[in-house]
Structures are given as structure tokens and as C-alpha cells.
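Here are my notes on the model, point by point. Please read them beside the coordinates.

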2 protein chains.
Amino acid sequence: MQWITVLRTASSRTQHLPVQFRILRWFSSHLPNQVTEDAKKQLSHQQNAGASKGNPILKVPKGTRDFSPKQMAIREKIFSTIISCFKRHGAVTIDTPVFELKELLQENYGEEAKLIYDLEDQGGEMLSLRYDLTVPFARFLAMNKIKRCKRYHIAKVYRRDSPSIKRGRFREFIQCDFDIAGQYDPMIPDAECLKVMHEILTALQVGDFHIKINDRRILQGIFTICGIPEIKFERICSTLDKLDKISWEEVKNEMILEDGISPECVNCISEYVQLHGGPGLIEKLLKDPKLVQNRLVMEGLEDMKLLFEYLTLFGIIDQVSLHLSLARGLAYYTGVIYEAVLLCQKHSRPNESLSLRSVAGGGRYDELVAKFDSKGHKVPCVGLSIGVERLFSIIEQNNEMSKQKIRTIETQVLVATPQKNFLAFKMKLISELWNAGIKAEMLYKKNPRLLEQLQYCEETGIPLAVIVGEQELNDGIVKLRDVVTRKEVNIPQESFIEEIKRRLEKYNT
Amino acid sequence: MQWITVLRTASSRTQHLPVQFRILRWFSSHLPNQVTEDAKKQLSHQQNAGASKGNPILKVPKGTRDFSPKQMAIREKIFSTIISCFKRHGAVTIDTPVFELKELLQENYGEEAKLIYDLEDQGGEMLSLRYDLTVPFARFLAMNKIKRCKRYHIAKVYRRDSPSIKRGRFREFIQCDFDIAGQYDPMIPDAECLKVMHEILTALQVGDFHIKINDRRILQGIFTICGIPEIKFERICSTLDKLDKISWEEVKNEMILEDGISPECVNCISEYVQLHGGPGLIEKLLKDPKLVQNRLVMEGLEDMKLLFEYLTLFGIIDQVSLHLSLARGLAYYTGVIYEAVLLCQKHSRPNESLSLRSVAGGGRYDELVAKFDSKGHKVPCVGLSIGVERLFSIIEQNNEMSKQKIRTIETQVLVATPQKNFLAFKMKLISELWNAGIKAEMLYKKNPRLLEQLQYCEETGIPLAVIVGEQELNDGIVKLRDVVTRKEVNIPQESFIEEIKRRLEKYNT
């Protein structure tokens, strides 16, 4: 097969270079206004770099990004908020490889499987980059014969989708998943997933949000009642899922023209899927003469009633409602499904599509693990995924608008000197600070100017400076300077660590 | 090109399946004794799963691993120790994509480049999985025209090497890198890197260690003096780098027979590279009549002298020495290089090769960023990499030997009941706990038995149980049980959160 590899390599080398440039040019000319300055700078660097000759093209792959120290500081705060919530609910964490056997992934995403990244056959197994964290989780459960597990997993996933900064769609992005696997009494873990989602969105302070809930069984029952053949259920779910991007009229047209559903059936569906509400609506539907005849719908509605009771006890009922139009794209859902949308972003545009506001989602998938188990043993699962990339871009924007200063380092003390030839003394002092667990820096210069050292403190938010010179060395003291107030005190050298620790504690409280 | 894709897919599907099985069988029959129980179990699952028919092959790709909750708990403790040291030294963090443009990676690893994973050409750019974090860092600096940066990066890298559990060699593994980029006064950042390495290995408590230091300039100077042509320098470095795996006699033979160096030259090299020692050796070498004639060696030795002065000030001189045999494999090093080895592991075998004990390494690479910069601007860099996978397997083994119990969850309180039909009350209470930031769980059963609930606490190390029943509900109290001492006290419902917080603080101190 070697000649084929050669052919491929040669052709792709010559063919694709110009395409990269074209994409790059398109990408930057379609930059939306709300793109952050950081992203703009990055793109312009990519262009400049791409234009230079002789050197390798200096860019990141299409649809991927570097994150600067400032961006990472924001991201880490988001992750730590999310992880502390996951841990508050007793979740463990696992890790799985970034690639899986190709055949293992290929069969679980339906139409979406075309977006999977494959690795080249370099002699060995056929591998693909993971598309989400759910299928690897199901594989992990089946492989290790685990029947119960509450786990979170925060990791990168890969989709060869058309990237769009505006829509926050990237080819490499982080998923934050929380799932509860195991056979339990109905709707208790489902309710906890919704509570987790609610806690995280509240803690991240991204404004008001609402959680739409539905159940695949209710949807499928309604489809049956309206006379849609079972084979078209998944297709109709996909079409319905577009409701956050296009209008109900357009969805109806697509159902009739593209999915081949009769106008009568579409009207029947229409009657139901436009309904949304709380416990009152559930009661009404439980008595609906058409619905009562369908077992699946009744099961779904009874569970929904129970779920709403639990959500009331959890105190989050005001932010949730049953939305019969909610379908969710993925094929593996079997029961309750949900999606959180931001109601009004601080800096949202009036014409912004609703899909930009979807920031979390999830649902129940009771059959996926069985697909991997050699004996087909079922492990029912329910879970949620936090749309952390979208939340990151909202929070990053909010920070920029509010001109909030973000520290990228945590340094507490700078060891400084106003005089020459004090490097050795500074090194001894900073070593003591490090050994005592204090975050300390000094400039990597033998003889830096004091002003430069103090400016570094101010720029990077270092609260304390230890200043040493001839006088201090002779007197066996160090000068401790509060960078903000500029007040200085002399401290005996033998107790300067304790004094600094005491002061740092004060800063923290 | 579509017919080629079809051909490839068809052929690889049928060709590679039997190979996978053969590899799997080989892999498990070659399992060393010291492999952990976890890994063994995992492999046996993979075999069982592979043997079943009808379902997809249930295994992870060759040379990769899942990590269980218990393993993740150990790993996270290691990462947090490492990160806190990196932050103590004022480092920021960045993130880069897991894949880069293929051409960008291909040229920087010499012979090793054959181990790079390529992505399939699915119409677009030619991409490869990153091989380390150093080249992406250099690309990041050049692309963003950053002249100074102290950053750490902890992330997965990929090498299509022959995997070996025994040697702790995997195809997917995490690198923990800390680098200082920028033009500074000599050896100050270099000394800090060694201090960072020292602090981390000390904090991880993996036993005594020693850091070997050398300088590529000293090595190259010695090669010149011994009459080795410059074109063979890199090759000789690679051969020398095998000294931790094979004996000096074998290395000598390889130099003569494979690298084509004359026995006289090898003897000349031999005279120098077997030397190791501290400041005394440096002084001696500075006066060596042959060495004084080579500018490069003298530069390297003068810097080494300065470095040792700084390491004395940092108080780590006892764990470092100049080893003229240290070469390090990678091509991009230009100055000081270092490697930390464990002197004696708690559970090491007598015949264990030295290479198993190498747990950290790094050095100075002053030319790499310039390779990416369109104008060839230099950004001198020095850095280190912690061999976290090897350290993980040592720490995991130590934990297993000491039968230390590892908590995989952080849950502080279980909400329990001895009676039926108390789910609603429990849900109200647990919700209050969560909202107060307390880590709480309850079993997902309407009516679990009390014994089962208390056993769950004991098994998972939950210190407190809140117990509620008929009596407690009527009296407006909750029962608080200390799981270890089994002591129970009644607390008024309105103050149970405060009481729990008070007790948890006590547990933490």
C-alpha cells in the first residue's frame, strides 16, 4: 500500500497549502464584532506569520486555539467552580485516552460520525479522536464491569465541524461532564443532575437562566399518536432540535418538505410541541384523551411529575419548565432530557440566536453501556454536560467590559534591592521564602533598578516586597514594603518569614 | 482521491484485526511482576472483552490507559504538589492544541520524528499529535512575539513508541513542564529550574535523589578536543545517552563499531566523560591543559562554576554534581542540561536499570524559538520536565505496599434515615447542605436500610452522618453521628448547618 501513501502525501502537500491561506483570509474577514481582543490579536499574528517566507507556517490548526496566561486564569477559575460543585455532590473522576479504537466510536453518533477525526494508519490499530466523553465513559463502565459510578470528567474532545468564533464552535474544545450510572429509584439521580446544573450556572454568575426539560418517551409517544412512522423518529428529533436556530414555521416546512411528513401529522405534532409549563401542564397532559392511550407518554409524564416534586424540594422549581419542543440532537438519549439557556446576557445583542444561549445540557441514556457489554447487561445512566467554552467566552467578555484586572501569577512577595551586588543575599532570602511555602519571585538580573522591581509588583499585583541593601545586611534586618500603601517597616532577619506569613494571612481574610 | 480512501479503509479493516489480538496476547504474557494489580485487571478485562463476539472490541488503544478513580486521586495529589511549586515560583500557565500542523512538528525531533502520530487527511490541513510541550511552547512564543515568559504546562503528549509497562513507557502520557524564556543574566533562571526540580522531588517523598548536571558546550568542546568531526556530535550524544541503560564498555563498543569513531578518540572521550564531582572538579577542569584551549568548554565551565555558586545559595548543592557523561537525547539543547535520578527506591529491585530511576530532566535551548520566528529573533529558554508517569507508578506502588487507604470522594456528610418514606425530608436537608457549600450525599433509594447507609460512610470515609426519622421530624431536630466514634448528638434543625461546619473545621485541623 506504500504507493498510495506516497500519492496521498504528495498531493495533499501541494493541494492544501493555498486552501489554508484562503480559509485564514475568510476567517479574519468574517470576524464578528464581539470577538475578544485576544482572539483578534491571535488571528492577526497567524496571518503575519503565515505570510512570512522560509519559516514554517506559524499558526494553530483550523478551529483550535492557544490560551494565553490571562485566558487560562479565567478558565481555571471556571473549572475550579465546576469541579468544586461536582465534588460537593460526591463524584469521583476518571481519565480515558484522547483516542479510541475507530470502530468503537464510529457506530454511536449516527450522522454526526462524519465529524470524527481519524488517525492515520501508521501500521497498527485504526484510531479516532474522541467525539465526546459519554461514549468513552460507557466503554469504561462496560470494560471494567462497573455497575454504579458517579463520576465527572473534564477533558478535550474533537469535532471536524465548521469552526465559528461567533457561535463559539471549535474543533477542539473542553467538555465538563457529570454522570450517574446505576439502577436506582426513579428520578432521584435525574433530579440531582438538574440541581448540579443549577448550582454551577448560579455560581458562575452569568446572569439569569432557565432549564427546559422534556422526555424522549413523551416525544416519541406524541410522534406515534400523530401517526409518524417509527423509522422517522430520530430524523424528526433532529429537525425539532433546530427550533433554537430557526422559527417554528421553518421547522414545520422542513418536516413536510425534507422529512416527508404529511401536513396533518405536522399539525398534530405542532399542537403538542408548542406547549410549555410547570406542574399544571403535566397534570393537564396526564388527562389528555389522546395521550392517555399511549403507554410511553404516560410513563414519561408520571416520571416528569415525580421529577418536578423533587426539583421543588431542591428549591429550583422556579428555573425549570417542561418544554415539549425540546428534542436534543444525540441519538443515545432514552428518557428525560434537559437544556439550560441564558435568558439575557449582560452584553447580548438583540438579534442573537437562541442557540448561542444554550450553556448546558444532558439527559438519560439507559441503553448505551449495554451496547458495549458482551452480554448486553444494562447500566442505566443520566448525566449533564456544561458548555464551558460558551461560558468562558461570556465570562471573558464580561471581564473585558468591566475592565477587571486578572492576576495571572499568584506571587506574594518580591525580593528586591536598591543596590548593586546583592544577588547572593537575595538568593538566600528567596530560598528561605520558597522553603517556607511562600510564593516569591526576584528579577533575573544581577543589578536591577529598584523602580523596575517595584513597578513589576504593581503591574502583576504582588502585595509585598522584601527590600535588602547594605544597611539592612549590616543591621541584620530586612525592609518589608506594602506595595499598595507604600508603607515600609524593618523586621529582624530571623523573624521575617513569620512576619510575612502573618501579613499574608491578613491579606487573605 | 476518494477511491484511495475506500481502498485504504477496506484493507486496513481486514488486515489489522488479527494483529491487534496478537499484540494483546504478547502484551499480557510479557507482564512483569511489578505491574500493579489495577493494570493487570485492566488487561484481563481487555482480553475477555476482546474474546466476546458480536460486540465491538472492548479495549483501549495500544500503549494507552484508563485511570480509575483511585488512580486519579493519587495523580491529582501529585499534580497539585507540582502545580503549587510552579506557582510558588511565579509561573503562569498556557494551553495549546493537542495537534499542530504536521510540518511544524516534523522538523524538530531528528530521528525521533518517526514516532509522531499523524492525523488522517480528511480534506484540510495535515496535522500531527504533539510529541512534547517544548516545541508548541516555542511556536507559541514566536507566534505571539513574546520575549519573556515563565510558564508551566501540564498536558498529554503522544509517541508511537513500543509501549512497556515495566519501563513505564506509554504512547499517551502527561508531561509537566516549567520553562523560563527570556534574555537574563547568566545562570539565574537555570539555577531556579534546578531548585524547582529539587523542591518537587522532595515534596513528592519518593526517597533520595541526585541531580546530574552537564553542559552541551562542555561536551561538544571535549568532542572537538578528542578529534571527533562535528557532523557526528549529535550521534555521539545519542550513544552517550544510553549510559543509563548499558555499561560504559558497551557504549565504547557502539561508538567504535556503529558510530565509526577511532579507538583513540573513544579513549580520549572516555578519559573525560567518566569524571563526576562538585566545585572541586570544576576548578580542576578549568586548569586542564587540553581543555583551556577550547573556548566552548571554558564558557561552559565558567557558567557551571557560577551555577554551582547559585545552587549553594539555594541550599541544594548536596544533591547535585557535574557528570561529564550526561548527554540527554534531544537535539535542541544548547547549554546546561540536567537529569534527576532516584538513588534507591523503597521497593526497587537490585537488577533494575538506572534508566528506570530517571524522574526529571531538562536544560537550556537558546535556538528553538528563533527557528519559528520569521526574522530569526532569538528567545533563550531553559526548562525542566517532571517525569510524572514514572513518579506516579512509584507512588502508586508505595501506596499499595503500605495498604494506605485512598479516598476517591471528598464527601463530608451523608444524609440518612432509619425509616421509610423520608426521601422528601432528606432531599430538603441535603439541598440546604449543598447550598451551604458542604459536600453531601444520600443514597438514591427511597427506602435504604440504615446499616447500608452507615456502611457506605465507613467504606468511603465520610466522617459525619445526618440521621432523620419520625422522632427527629416531630422534635424539629436532626441526629448528628460521628461515623468513627459512633457518638450521636441531637441538634436543632435550624442550627444543624452551623454545627456541621463547626465540626468539619475541627476535622480539618
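1. Contact here means heavy atoms within 4.5 Å. By that rule, 112 residues from chain A and 112 residues from chain B take part in the contact.

2. Ground rules. This is a predicted model, in which local features need pLDDT of at least 70, side-chain atom pairs count only at pLDDT 80 or more, and totals for chains, interfaces and linings use all residues. Residues are numbered from 1 along each chain as its sequence is written, chains are lettered from A and ligands numbered from 1 in the order in which they are written, and side-chain values use heavy atoms, with hydrogens and water left out.

3. Interface area. Buried area is the accessible area (1.4 Å probe) that two parts lose on being put together, summed over both. Between chain A and chain B it is about 10,600 Å². Carbon and sulfur atoms give 60% of that area.

4. A salt bridge needs a side-chain nitrogen of Lys or Arg within 4 Å of a carboxyl oxygen of Asp or Glu. The rule finds ten across the interface of chain A and chain B. Lys87(A) and Glu410(B) form a salt bridge through their side chains, at 3.0 Å, N to O. On the side of chain A that touches chain B, helix H1 (residues 2-29) of chain A gives the largest share, eleven residues.

5. Fold of chain A. Helices (H or I, at least four residues) and strands (E, at least two) are DSSP runs, numbered from the N terminus. Chain A has 18 helices and 16 strands. Of its 509 residues, 59% count as buried, meaning under 20% relative accessible area with a 1.4 Å probe, protein chains only. Among contacts in chain A between residues at least 6 apart in sequence, 68% join residues at least 24 apart.

6. Helix H14(A). For the 14 residues 388-401 that gives 20 Å, and the end C-alpha atoms are 20 Å apart, which agrees. Ten of the 14 residues are buried, among them Phe392(A) and Glu396(A). Just after H14(A), Lys403(A) takes a positive phi of about 55°.

How values were computed. The expected span of a helix is 1.5 Å times one less than its number of residues. Buried means under 20% relative accessible area, exposed over 50%, partly exposed in between (1.4 Å probe, protein chains only).
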